[in-house]
Amino acid sequence: MLVMFVGTDRTETAVNPSQVTFVSSVRDGTRIRFGEGRSVTVTEPIAEVLDTLNRALRPHD
């Protein structure tokens, strides 16, 4: 499942929650990191990003 965020350049950004390795707060918003040095910075606050990623990873009824 992919989740959508808004990138700092105002484009929609799709993220696969199962590939996220680290999430941190930065000046421009929230940085989502993946393996192999890849990352994306989104405008949503870290609490919202974590909530969205966690909801996507939960088993669906």
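**Close-up views of charged residues and the nonpolar core**

View 1. Arginine 55, at 43% relative accessibility, counts as partly exposed, a class lying between buried (under 20% relative accessible area) and exposed (over 50%), with a 1.4 Å probe and protein chains only. This is a predicted model in which local features need pLDDT of at least 70 and side-chain atom pairs count only at pLDDT 80 or more, whereas totals for chains, interfaces and linings use all residues. Residues are numbered from 1 along each chain as its sequence is written, and side-chain values use heavy atoms, with hydrogens and water left out. Arginine 55 forms a salt bridge with aspartate 51, their closest N and O atoms being 3.1 Å apart; the term requires a side-chain nitrogen of Lys or Arg within 4 Å of a carboxyl oxygen of Asp or Glu. Helices (H or I, at least four residues) and strands (E, at least two) are DSSP runs numbered from the N terminus.

**View 2. The salt bridge between arginine 27 and aspartate 28.** A search of the whole structure finds two salt bridges, and one of them joins the side chains of arginine 27 and aspartate 28 at 3.4 Å, N to O. Arginine 27 is exposed, with a relative accessible area of 79%, while aspartate 28 is partly exposed at 44%.

**View 3. Glutamate 44, buried without a salt bridge.** Glutamate 44 lies in the loop between β5 (39-42) and α1 (46-57), and the nearest side chain of opposite charge, that of arginine 10, is 7.7 Å away; here Lys and Arg count as positive and Asp and Glu as negative, with His and the chain ends not counted. A polar atom of the glutamate 44 side chain lies 3.1 Å from the backbone nitrogen of valine 6. Leaving aside neighbours within four places in sequence, glutamate 44 is in contact (heavy atoms within 4.5 Å) with residues including Phe5, Gly29 and Val49.

**View 4. The largest nonpolar core.** Eleven residues make up this core, among them Val3, Phe34, Val49 and Leu53, the term denoting buried Ala, Val, Leu, Ile, Met, Phe, Trp, Tyr and Cys residues joined through side-chain atoms within 4.5 Å. The largest share, three residues, comes from α1.

Methods: Polar contact = N/O pair within 3.5 Å; in protein donor to acceptor, adjacent residues only side chain to side chain.
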